[in-house]
Amino acid sequence: IRDRYMGNIQGSNSYQYFNMSFSGKTLCVVGSSGYLGSTICREAVTLGIKVFGVSRRGGRPENVSSPWVDQVHWVKGNAMEPRMFEKALEESDAVVHTIGTLIDTSVTKKKQPGQEGTYEQMNRDTAIAVGNRLKEFNKNKKMVYVSGSKAPPFLQRYITTKFEAEEYLKKLEGIRFTSLRPGFIYSAKERPWSVPVQVGVRAWRIGYGTLYDLVPENNFLKKMMGNFDVDYPVSLESVVDAAIVSAFDKRYDGKILTNEDMDQIKAEFNSCLLYTSDAADDLLCVDLGGRRIIKKKN
């Protein structure tokens with residue numbers, strides 16, 4: 001039986017999501033060393049997907065010893081120069097772009113917009129570069145872009161650059177595209193500190209919405225409050241499941257997925273994922289890390 005997080009395999013396995021099979025699929029995760037990217041890699045190999053993990057450093061993540069790491073094909077590459085990892089892009093059925101920065105180098109190092117490490121480069125230009133290379137293959141490949149829903153206070157370029165990338169990729173001929181717009185991403189397992197933070201974010205969102213509605217339109221206070229708008233938080237698992245499912249399910253082509261959409265995909269994915277294994281012939285269901293898997297009858 002394949003353990004969801006450890007990636008151990010005994011016998012043959014086949015996963016299906018509704019009428020979609022992950023068997024024989026290949027996924028390229030650009031930004032695989034990060035919090036979200038590495039989790040997508042882990043989940044994808046657990047589902048039997050061949051995974052290329054691309055990062056500037058290359059190689060397996062540091063301080064990770066779980067067996068799933070050995071199942072990922074780690075590739076060194078700069079997203080601004082996608083020809084460095086062209087083989088991984090060409091062999092993949094879909095690409096998930098997870099690169100981005102919350103506080104950029106125009107804030108931390110006083111760099112000019114567009115220079116290395118700024119929102120323009122990290123959030124926008126890396127995605128556009130990958131999308132342009134996929135277009136050149138002329139194989140109608142799929143690209144999933146992890147965007148965002150709101151900006152940090154007084155840092156609107158964080159979100160405007162992500163929306164600019166969305167607009168460009170959405171209009172790019174020769175590829176299929178889906179964008180994910182998560183709020184604050186939390187995980188009790190990966191980032192325990194994010195759980196109390198998400199409680200605060202959720203409370204702020206509720207209180208902010210109530211107060212914002214009470215302030216008159218065209219009021220200076222209302223304009224100032226716009227800098228502190230936040231979205232509801234969303235679980236890491238919801239974003240990961242949405243990234244993988246939308247990468248291979250054509251129903252999500254051209255879609256922009258919100259927190260609610262991603263939560264819905266997670267719920268459907270958890271309830272409809274089918275599991276078969278030669279090592280579990282007598283079982284009707286298998287529990288993988290809290291996820292109840294229904295066994296497919298032959």
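A: Begin with burial: of the 298 residues of the protein chain, 48% count as buried, where buried means under 20% relative accessible area, exposed over 50%, and partly exposed in between (1.4 Å probe, protein chains only). This is a predicted model, in which local features need pLDDT of at least 70 and side-chain atom pairs count only at pLDDT 80 or more, while totals for chains, interfaces and linings use all residues. Residues are numbered from 1 along each chain as its sequence is written, and side-chain values use heavy atoms, with hydrogens and water left out.

Q: What is the mean pLDDT of the protein chain, and over which residues does pLDDT stay under 50?
A: pLDDT is the predictor's confidence in each residue, from 0 to 100. The mean for the protein chain is 86, and 84% of its residues reach 70 or more. Residues 1–14 stay under 50, and the model gives them 53 contacts beyond four places in sequence; contact means heavy atoms within 4.5 Å. Residues 274–298 are also below 50, with 63 contacts beyond near neighbours in sequence. Where pLDDT is low, the predicted coordinates should not be read in detail.

Q: How many helices and strands does the protein chain have, and in what order do the seven strands of the open sheet stand?
A: Helices (H or I, at least four residues) and strands (E, at least two) are DSSP runs, numbered from the N terminus. The protein chain has nine helices and 14 strands. Strands of a sheet pair through backbone hydrogen bonds, either parallel or antiparallel. Two strands pair if DSSP finds at least two bridges between them. Here an open sheet of seven strands runs β5-β4-β3-β6-β7-β8-β11, with parallel pairing. At its edges stand β5 (73–76) and β11 (256–257); each has a single partner strand, so one side of each is left without a neighbour in the sheet.

Q: Which bridge partners do Met143 and Leu27 have?
A: Met143 has Phe177 in β8 as its bridge partner. The strands concerned, β7 (residues 141–146) and β8 (residues 175–180), pair in the parallel sense over six bridges. Leu27 is partnered by Val51 in β4, and five bridges join β3 (residues 26–30) to β4 in parallel. Strand β4 (residues 50–55) is largely enclosed by the rest of the structure, because five of its six residues are buried.

Q: Where does Asp229 lie, and which residue does its side chain meet in a salt bridge?
A: A salt bridge is a side-chain nitrogen of Lys or Arg within 4 Å of a carboxyl oxygen of Asp or Glu. A search of the whole structure finds 24 of them. Asp229 lies in the loop between α7 (220–225) and β10 (234–235), and its side chain meets that of Lys150 at 2.9 Å, N to O. Lys150 is in the loop between β7 and α5 (157–171), so the pair ties together parts that are 79 residues apart in sequence. Asp229 is buried at 16% relative accessibility, whereas Lys150 is partly exposed at 35%. Not counting residues up to four places away in sequence, Asp229 touches Lys150, Ala151, Arg205 and Tyr208.

Q: Which distant parts of the chain does the pair of Arg176 and Asp253 link?
A: The side chains of Arg176 and Asp253 meet in a salt bridge of 3.0 Å, N to O. Arg176 is in strand β8 and Asp253 in the loop between α8 (236–248) and β11, 77 residues apart. Arg176 is buried at 16% relative accessibility; Asp253 is partly exposed at 23%. Elsewhere, salt bridges that share partners join Arg83, Glu86, Arg133 and Glu136 into one network.

Q: Which residues make the nonpolar surface patch?
A: Patches are made of residues with over 30% relative accessible area and no salt bridge: like charges are joined within 9 Å, nonpolar side chains (Val, Leu, Ile, Met, Phe, Trp, Tyr) within 5 Å. Accessible areas come from the Shrake-Rupley method with a 1.4 Å probe; for residues, only the protein chains shown count as cover. Phe154, Trp204, Phe220, Met224 and Phe228 make a patch of about 540 Å². Trp204 is in helix α6 (residues 194–214) and counts as partly exposed at 45% relative accessibility.
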